[in-house]
Amino acid sequence: MIYSILGVIGVGVGINYGQIANNLPSPARVSYLLQSLNISRVKLYDADPKVLSAFANSNIEFVIGLGNEYLLNMTDPIKAQDWIEQHVQPFIPRTKITCITVGNEILSGNDNQLMSYLLPAMQSVYAALVSLGLNKQVYVTTAHSLAILGNSFPPSSGSFRQDLGEYIHSILNFHAQVNSPFLINVYPFFAYKDSPDQVPLDYVLFQPNNGTIDPITNLNYDNMLYAQVDAVYSAIKAMGHTDIDVKISETGWPSKGDPNEVGATVENAGIYNSNLLRRIEAKQGTPANPSVPIDVYVFALFNENLKPGPASERNYGLYYPDGTPVYNIGLQGSLRGNLPQLDSSSSEMIVRNSMAHLVRDAVCGVLLFTILL
């Protein structure tokens with residue numbers, strides 16, 4: 001089976017653009033690649049001025065990040081405004097910055113001091129946006145891991161960890177007040193890797209299966225991702241809110257892992273991302289929220305060779321740093337084989353011509369991840 005990733009045109013899928021590597025193409029070449037594929041939304045983990053400049057006038061929407069190391073400073077309103085004036089204001093409106101994430105997975109860590117900084121930092125950043133007249137176009141949020149849940153099954157009984165209640169309750173109030181979404185990083189791969197004998201592979205890969213029934217609502221879940229998202233919605237509702245959207249700030253599947261990382265293969269990564277994009281294109285909602293299409297940022301654009309941790313951490317990319325896809329790309333009717341490398345002018349011309357031909361021939365304006373059997 002050969003899995004191929006094709007650009008998603010008009011679907012609105014987002015992509016995480018991490019840069020923990022020493023061999024990535026220049027931001028200008030990345031901008032060219034993403035525009036060729038009609039990717040419309042990009043999430044950064046910082047506010048790299050080289051990236052934001054390279055994407056000027058690209059019509060791509062950006063989520064930028066304030067790293068955890070900035071949280072203490074961001075609790076100071078003056079420092080927060082200085083940061084916005086230096087890292088956001090100069091790039092708007094040429095670069096479409098639509099969101100700032102303040103910290104990443106703070107509440108699932110073990111640093112209580114950072115936890116106490118989180119909400120004040122979010123509030124200061126938002127206040128700075130208000131004072132600069134940017135709060136209508138840039139929203140403020142933070143991203144959480146699913147480890148903040150105390151219970152996730154059945155989805156209708158989802159709840160947050162009791163020890164995090166005071167933090168999360170206040171953060172939810174903030175989201176409701178400023179109308180910003182609750183972001184979660186969701187990886188069914190972790191559940192499968194930890195319990196491959198108990199977790200059906202088809203269930204985590206969006207493949208046909210009997211699914212799991214929520215005994216309280218009688219809703220059927222045919223994949224783990226939707227069950228996890230609805231568990232978060234239930235946890236939020238249990239804290240008194242039905243007015244906050246849940247968005248997926250990260251999800252993906254590694255194409256390689258250590259020997260003990262069961263399921264980390266090119267084949268599974270191709271299936272997971274293929275099926276996920278099909279559901280995004282279909283504007284599917286979860287069983288408990290069928291009218292709200294899932295909102296997803298896929299992790300990640302490139303393999304990042306300097307990321308610490310197990311081998312899987314360095315192998316979530318859709319592309320290798322040289323611009324070739326981790327899964328073979330089959331461009332139906334135009335170009336078959338791998339995307340030429342981004343590091344030569346002749347290759348750029350091949351890509352440009354191929355993509356132009358591809359867009360002309362696209363059916364219904366959508367090029368989905370394709371499975372060639």
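In this predicted model, D295 is buried, with a relative accessible area of 18%, and its side chain meets that of R41 in a salt bridge with an N to O distance of 2.9 Å. R41 is likewise counted as buried, at 12% relative accessibility. The pair joins distant parts of the chain, since D295 lies in the loop between α10 (266–281) and β13 (296–298), whereas R41 belongs to strand β3 (residues 41–43), 254 residues apart. Together with K247, these residues, R41 and D295, are linked in a network of salt bridges.

The salt bridges of the model number six, including two further pairs described here. The side chains of R279 and D222 meet at 3.1 Å, N to O, and this pair too links distant parts of the chain, with R279 in helix α10 and D222 in the loop between β11 (220–221) and α9 (224–238), 57 residues apart. R279 is buried, with a relative accessible area of 12%, while D222, at 28%, counts as partly exposed. In the salt bridge between R161 and D163, the N to O distance is 2.8 Å; R161 is partly exposed at 24% relative accessibility, and D163 is partly exposed at 48%.

Turning to helix packing, helix α4 (residues 77–87) and helix α5 (residues 112–131) pack at an angle of about 60°, with their axes 8 Å apart, and are therefore oblique to each other. The crossing of α4 and α5 is right-handed. The contact is made by P77, A80, Q81 and I84 of α4 together with S124, V125, A128, L129 and S131 of α5; by class, the contact of α4 with α5 comprises six nonpolar and three polar residues, with no charged residues.

Technical notes. Residues are numbered from 1 along each chain as its sequence is written. This is a predicted model: local features need pLDDT of at least 70, side-chain atom pairs count only at pLDDT 80 or more; totals for chains, interfaces and linings use all residues. Side-chain values use heavy atoms; hydrogens and water are left out. Axes are lines fitted to C-alpha atoms, for helices over the stretch in contact, and angles run from 0 to 180 degrees between N-to-C directions. Helices (H or I, at least four residues) and strands (E, at least two) are DSSP runs, numbered from the N terminus. Angles under 35 degrees count as roughly parallel, over 145 as roughly antiparallel, 65 to 115 as roughly perpendicular and the rest as oblique. A crossing is left-handed if the near helix is turned anticlockwise from the far one by less than a right angle, and right-handed if clockwise. Contact means heavy atoms within 4.5 Å. Ala, Val, Leu, Ile, Met, Phe, Trp, Tyr, Cys and Pro count as nonpolar, Asp, Glu, Lys and Arg as charged, and the others, Gly among them, as polar. A salt bridge is a side-chain nitrogen of Lys or Arg within 4 Å of a carboxyl oxygen of Asp or Glu. Buried means under 20% relative accessible area, exposed over 50%, partly exposed in between (1.4 Å probe, protein chains only).
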